[in-house]
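This report describes one protein model for a reader who is new to structures. Please look at the sequence and the 3D view before reading on.

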Amino acid sequence: MDERVFAASPDAIARAAAVVRSGGLVAFPTETVYGLGADAGDAAAVGRIFAAKGRPADHPLIVHLGSALAIDAWAVDVPRLARVFAERFWPGPLTLVLRRAAGVLDAVTGGQGTVGLRVPSHPVALALIAASGRALAAPSANRFGRVSPTTAQHVVDDLGADVDLVLDGGACAVGVESTIVDLSGDAPAILRPGGLAREALEAVAGCAVPVRATGVRASGTLDSHYAPRAALRVVEPAALASALAAARALGTHVEVVAPEAATLYAALRDADRRGAELILVARPDETGMGLAVADRLRRASRGGGETA
Ligand code: TXA
Ligand code: MG
């Protein structure tokens, strides 16, 4: 592999922390997907994230914290439910959208009045935050519009020389991005289904937490995001065998991918790498992780190719 990729030993984490402190970009594993991290308080470093990803500057970034104790340095008017969710689900695959504190960089919030915060549970992510002494602004470490990376190799494939150092912590266990919950308004709403099930949020909230189509610029919510190059079709489970046979009869290079969160993105990338023209996926039940998987499949099937 690449000379910028290091197995996540204590030495490598110390080296990565020094890169963060000097304004560089470090790709690091989280339990959801790999992030492309920079010091969230350094405007120039945050600017480099947008350049590396090819991401529009008005798309906000998630700030990764070492613990819930740091919430009040980044957010104001924090509602009780945010404290409850943080207590119950952090560290873990949940991002809370809260009203931003005055000092938070516009580059991080996309100029909005809110900020997205999360405490990841991956030990390497937590060790990097602790060693650098910084909160890390980090989007998924893919090029804009591509599926998120769930291995260090995916990061290198997408970002190559545009990242200063990649910490390799193996494959991500959750495999889809965090669930984003907006708590900045009157009622909680899911802006992006993800690695934390809606049912778990509702059980703790004691009320419905609906999925809301968002007015804010959330790149993960663009219609044709998370797209593989191949065309993707979601079919009813009972129709999978006949859809496969029909595509093969036409001579199409077709592959079947399982609708499992942990392996979905790697499977889509593998199918692309083998030159698949068509990817078939059986429609998942929209419960538990299935809600996030169905969401990503809908976007990928609309995309039908790279979007940026
Ligand atoms: O699991 C994850 O969330 C991964 C890992 C690395 O933590 N990160 C991730 O980041 O998926 P990104 O930038 O690829 O997607 C974050 C989403 C974007 O759609 C962004 O627009 C949205 O979160 N977001 C961030 N701050 C927001 C805010 N203040 N209001 C609304 N959406 C926000
Ligand atoms: Mg992303």
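## The model and its confidence

This is a predicted model, in which local features need pLDDT of at least 70 and side-chain atom pairs count only at pLDDT 80 or more, while totals for chains, interfaces and linings use all residues. Residues are numbered from 1 along each chain as its sequence is written, chains are lettered from A and ligands numbered from 1 in the order in which they are written, and side-chain values use heavy atoms, with hydrogens and water left out.

The predictor's confidence in each residue is called pLDDT and runs from 0 to 100. Its mean over the protein is 93, and 94% of the residues reach 70 or more. Over residues 304-308 pLDDT stays under 50. For this stretch the model has 13 contacts (heavy atoms within 4.5 Å) beyond four places in sequence.

In domain 1, 23 residues are in contact with 14 residues of domain 2.

About 1500 Å² is buried between the two domains, and carbon and sulfur atoms give 58% of this area. Buried area is the accessible area (1.4 Å probe) that two parts lose on being put together, summed over both. On the side of domain 1, Val147, Val176 and Pro193 lose the most area to domain 2, together 35% of what that side buries.

## Salt bridges

A salt bridge here is a side-chain nitrogen of Lys or Arg within 4 Å of a carboxyl oxygen of Asp or Glu. Three salt bridges are found across the interface of domain 1 and domain 2. Arg296 and Glu177 also form a salt bridge through their side chains, at 3.0 Å from N to O.

By this rule the count comes to 18 salt bridges. One of them joins Asp39 and Arg134, whose closest N and O atoms are 2.9 Å apart. The pair links distant parts of the chain, 95 residues apart: Asp39 is in strand E3 (residues 35-39), and Arg134 is in the loop between helix H6 (123-132) and strand E8 (136-137). Helices (H or I, at least four residues) and strands (E, at least two) are DSSP runs, numbered from the N terminus.

## Backbone exceptions

Most residues other than glycine have a negative phi, and most peptide bonds are trans. Asp77 is not a glycine, yet has a positive phi of about 55°; this residue lies in the loop between strand E5 (75-76) and H4. The peptide bond from Trp90 to Pro91 is cis, with omega near -5°. Pro91 is in the loop between helix H4 (80-89) and strand E6 (94-100).
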